[in-house]
Amino acid sequence: MASILRFLHWFCRLALAGVFIYSGYIKVQSPLQFASAIAGYKIAPDSMIMPLANYLPWVEIALGVLLLAGWKIRYVALGAAALLVSFTVILTVTYLRGIDADCGCFGFGQKISPLTIARDTLILIPALVLIFETRLRNLTAQASTAAGRTRAG
Amino acid sequence: MIAVLICLSLACAIPVQAADQSCENCLGGGLDAPIKIEVFSDFQCPACRTLYLDTMKQVLKDYSRLDKVCVIYHEFPLPMHPHAREATRYSLAARKLGRQQWLAVLDSLYTDQAIWSQNGMVQVSVARVLSPLDYQSLQKLLQDPSINETITHDIALGQERKVLSTPTMFVTAIGKEQRVDGGLPFPVLKDFFDKIVK
């Protein structure tokens, strides 16, 4: 069981780090393109668009690097989850408002759809696993102890 | 001797010709401006209308006039828009009349987009902003085969640069080119420009 949990830990860390670094890297290449995507959401004031386009990708890259480095994983995963929840909420609201905007999530030219919303929600799973990892370990430890007692009894 | 003379005349002629050609579709600002924006636009596309009327006109007024930003418009009429090509032909003919006339026709075509997109009467929007003499000259210029050649050339250029939708912009500043698929509000571009040219 411990090896499965270890595998899950590494899988979630690498997957999440990869997603964040890739997503940030794409946006860093063209802040103006990302700014155009943000403007398309019609949610942020014009004065906020360029600062967001300039700094948000670096936040994503930093989260990815920290996940790889393994520094305060639980808190970094919490930050990643908060960012993902915000993205998902914004995507959903924009979609429900009927705005035909570019997702701007992983590259450009993909319109917001239930598929892009589902994808963002799916990426939340590894972040949640990393956040609740300790609880998950405790639960499995308790379960294995209980199973051992039953077998012994 | 003749070969040398031919080479010399070619060497002199080519740069001038190239400069004229590249300046032809310059809507504002010089080619030596620190920022260059190339726009692939379609007259019948609503997002292109917004980009021109709400963003580019302001860019032309606040930056191109001071030679800080060079705005180049490339024609990219999409096949899905039945009157876009005709509007483009009128715009290119107006370009041959002069920058003033070209700007007036661009303004009018984008402003009246909803009208001529419905009834196909592109010429009404053009005639409204030109003097009768200019409009007469424009009608003659419309027969010029170079107009269709320019459209074909611009479309080929767009395809070469993988333009899939309009508007698509290529913003070049500090030696770096950024592609933007879609429009941008003026305050956002202003934020970007002011970090470079202020």
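Residues are numbered from 1 along each chain as its sequence is written, while chains are lettered from A and ligands numbered from 1 in the order in which they are written. In this predicted model, local features need pLDDT of at least 70, side-chain atom pairs count only at pLDDT 80 or more, and totals for chains, interfaces and linings use all residues.

The predictor assigns the complex an ipTM of 0.78 and a pTM of 0.82. Confidence per residue is given as pLDDT, on a scale from 0 to 100. The average for chain B is 88, and 89% of the residues score at least 70. Residues 1-21 of chain B have a pLDDT below 50. This stretch has zero contacts in the model beyond near neighbours in sequence. Two residues are in contact if their C-beta atoms, placed from the backbone, lie within 7 Å. Where pLDDT is low, the predicted coordinates should not be read in detail.

Chain B contains nine helices and five strands. Both are DSSP runs numbered from the N terminus: helices are H or I with at least four residues, strands E with at least two. Along the sequence the pattern is α-β-β-α-β-α-α-α-α-α-α-β-β-α. Of the 198 residues in chain B, 38% are buried. A residue is buried if 20 or more other C-beta atoms lie within 10 Å of its own, exposed if 12 or fewer, and partly exposed in between, with C-beta atoms placed from the backbone. Among contacts in chain B with a separation of 6 or more, 75% link residues 24 or more positions apart.

The five strands build an open sheet with mixed pairing, in the order S1-S3-S2-S4-S5 (chain B). Two strands pair if DSSP finds at least two bridges between them. Strand S1 (26-28) and S5 of chain B are the edge strands, each pairing on one side only. Neighbouring strands are turned by 25 degrees against each other on average, direction ignored. Strand S2 (residues 35-41) and strand S3 (residues 69-75) of chain B run parallel and are joined by seven bridges. Here B:Ile37 stands opposite B:Val71 in S3(B). S4(B) and S5(B) are antiparallel, with six bridges. B:Ala173 has B:Lys176 in S5(B) as its bridge partner. The two strands S4(B) and S5(B) form a hairpin with two residues between them. In the turn, B:Ile174 has a positive phi of about 45 degrees.

H8(B) lies across S2 and S3 of chain B, at about 105 degrees to S3(B). Axes are lines fitted to C-alpha atoms, for helices over the stretch in contact, and angles run from 0 to 180 degrees between N-to-C directions. Helix H8 (residues 145-160) also packs with helix H3 (residues 84-97) of chain B, at an angle of about 115 degrees and with the axes 10 Å apart. From H3(B), B:Arg85, B:Thr88, B:Arg89, B:Leu92 and B:Ala93 take part. They meet B:Ile147, B:Thr150 and B:Ile151 in H8(B). The contact comprises four nonpolar, two polar and two charged residues. Ala, Val, Leu, Ile, Met, Phe, Trp, Tyr, Cys and Pro count as nonpolar, Asp, Glu, Lys and Arg as charged, and the others, Gly among them, as polar.

Between the chains, 13 residues of chain B contact 14 residues of chain A. Strand S5 (176-181) and helix H9 (186-197) of chain B each supply at least two residues of the side that touches chain A. That side of chain B divides into seven nonpolar, three polar and three charged residues. In chain A, 10 of the 11 residues of helix H2 (residues 31-41) are buried. Among them are A:Leu32, A:Phe34 and A:Ile38. The buried residues of H2(A) pack against helix H1 (2-29) and helix H3 (46-69) of chain A, together with strand S4 (168-173), S5 and H9 of chain B. A:Lys42 follows H2(A) and has a positive phi, near 50 degrees.

Two further positions in chain B were examined. B:Lys57 sits in helix H2 (residues 46-64) of chain B. B:Lys57 is partly exposed because 19 other C-beta atoms lie within 10 Å. Its C-alpha is 19 Å from that of B:Tyr90, 33 residues away in sequence. B:Ser165 belongs to the loop between H8 and S4 of chain B. B:Ser165 has 15 C-beta neighbours inside 10 Å and so counts as partly exposed. B:Ser165 and B:Phe40 are 125 residues apart along the chain, with their C-alpha atoms separated by 8.6 Å.

Technical notes: pLDDT = per-residue confidence, 0-100.
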